[in-house]
Amino acid sequence: MTKFAIKSLFAASVFALVASASAFAADTYKLDAGHTSVTFQYTHFGFSHPTGKFMNAVGSVTLDDATPANSSVEVSFDINGINTGVAALDTHLKSADFFDAAKFPTATFKSTKVVQTSATTANVTGDLTIHGVTKPVTLKVTLNKKDVHPMMKKVDAGFTATGTINRSDFGMGNYVPAVSDQVDLYIEAEAIAQ
């Protein structure tokens with residue numbers, strides 16, 4: 001075999017390895033609804049800081065360890081699943097005064113940019129749609145752990161994320177400022193490799 005042929009074969013092998021690695025560089029995970037929650041908190045007349053929660057998230061996360069900027073997340077949740085612990089308040093929040101769940105039953109978030117800020121943190125910007133209105137939101141995300149789940153026997157990735165929105169930006173400004181415009185978001189999520 002000539003030196004040229006050997007070099008060509010070596011180059012072809014390296015290219016094939018690189019192409020193969022690139023094809024499997026990003027892994028897809030499915031959100032585990034039982035261990036994923038979106039908690040929101042607001043100020044009530046300055047007296048207290050009540051919370052509400054959604055535990056019905058559906059979606060996926062793509063993690064690209066080699067190029068974190070190529071990672072992404074897409075999630076949706078049913079507004080009718082809101083839970084504040086007070087049935088009457090849940091009903092009011094689902095009414096046309098706030099979420100208007102009959103007309104806008106689903107909220108969604110789809111990432112548009114991921115900026116790694118440390119080995120385990122990133123700022124994830126995306127389009128948040130609530131009440132039929134879409135606005136950009138940036139979440140501060142921490143990768144808590146990525147390892148084989150002891151029960152599922154699949155790779156599990158766990159995250160904590162925080163962010164802030166103004167509800168009036170989404171057409172839900174009733175009772176501002178008595179009930180705060182600013183809403184703080186606290187997200188806990190687990191996603192299982194597919």
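Read along the sequence, the protein chain follows the pattern α-β-β-β-β-β-α-β-β-β-β-β, which gives two helices and ten strands. Helices (H or I, at least four residues) and strands (E, at least two) are DSSP runs, numbered from the N terminus. This is a predicted model, in which local features need pLDDT of at least 70 and side-chain atom pairs count only at pLDDT 80 or more, while totals for chains, interfaces and linings use all residues. Residues are numbered from 1 along each chain as its sequence is written, and side-chain values use heavy atoms, with hydrogens and water left out.

**The chain as a whole**

- Of the 194 residues of the protein chain, 32% count as buried. Here, buried means under 20% relative accessible area, exposed means over 50%, and partly exposed lies in between (1.4 Å probe, protein chains only).
- Among the contacts in the protein chain with a separation of 6 or more, 51% come from residues 24 or more positions apart. A contact means heavy atoms within 4.5 Å.

- In soluble globular proteins, nonpolar side chains tend to be buried together.
- The largest nonpolar core here has 40 residues, and those with the most contacts inside it are F40, F54, F99, I130 and I165. Strand 10 (residues 182–193) gives the most to this core, with six residues. A nonpolar core is a set of buried Ala, Val, Leu, Ile, Met, Phe, Trp, Tyr and Cys residues joined through side-chain atoms within 4.5 Å.
- Leaving aside neighbours within four places in sequence, F40 is in contact with several residues, including P50, F54, I82, L93 and V183.
- V183 lies in strand 10 and counts as buried, at 8% relative accessibility. Although V183 and F40 are 143 residues apart along the chain, their C-alpha atoms are separated by 6.3 Å.
- Not counting residues up to four places away in sequence, V183 touches F40, Q41, G163, T164, I165 and R167.

**How the strands pair**

- Strand 1 (residues 26–31) and strand 4 (residues 58–64) pair in the antiparallel sense over five bridges. Two strands pair if DSSP finds at least two bridges between them.
- Two examples from this pairing are Y29, whose bridge partner in strand 4 is V61, and K30, whose bridge partner in strand 4 is S60.
- Strand 1 also runs antiparallel to strand 10, joined to it by three bridges. Here L31 stands opposite A191 in strand 10.
- Strand 4 pairs with strand 5 as well, in the antiparallel sense and over five bridges. S60 stands opposite E74 in strand 5.
- Five of the seven residues of strand 4 are buried, so strand 4 is largely enclosed by the rest of the structure.

**A salt bridge to look for**

- Side chains of opposite charge can pair when their charged atoms come close.
- A search of the whole structure finds one salt bridge. A salt bridge is a side-chain nitrogen of Lys or Arg within 4 Å of a carboxyl oxygen of Asp or Glu.
- The two partners are K146 and D65, whose side chains meet at 2.7 Å, N to O. The pair links distant parts of the chain, 81 residues apart: K146 is in strand 8 (residues 133–148), and D65 is in the loop between strand 4 and strand 5 (72–78).
- K146 counts as partly exposed, at 30% relative accessibility, whereas D65 counts as exposed, at 53%.

**Backbone details in the loops**

- V176 and P177 are joined by a cis peptide bond, with omega about 5 degrees. P177 is found in the loop between strand 9 and strand 10.
- F45 is not a glycine, yet it has a positive phi of about 55 degrees. F45 lies in the loop between strand 2 (37–41) and strand 3 (51–54) and is partly exposed, with a relative accessible area of 48%.
- H131 also has a positive phi, about 60 degrees, although it is not a glycine. H131 sits in the loop between strand 7 (121–130) and strand 8 and counts as buried, at 16% relative accessibility.
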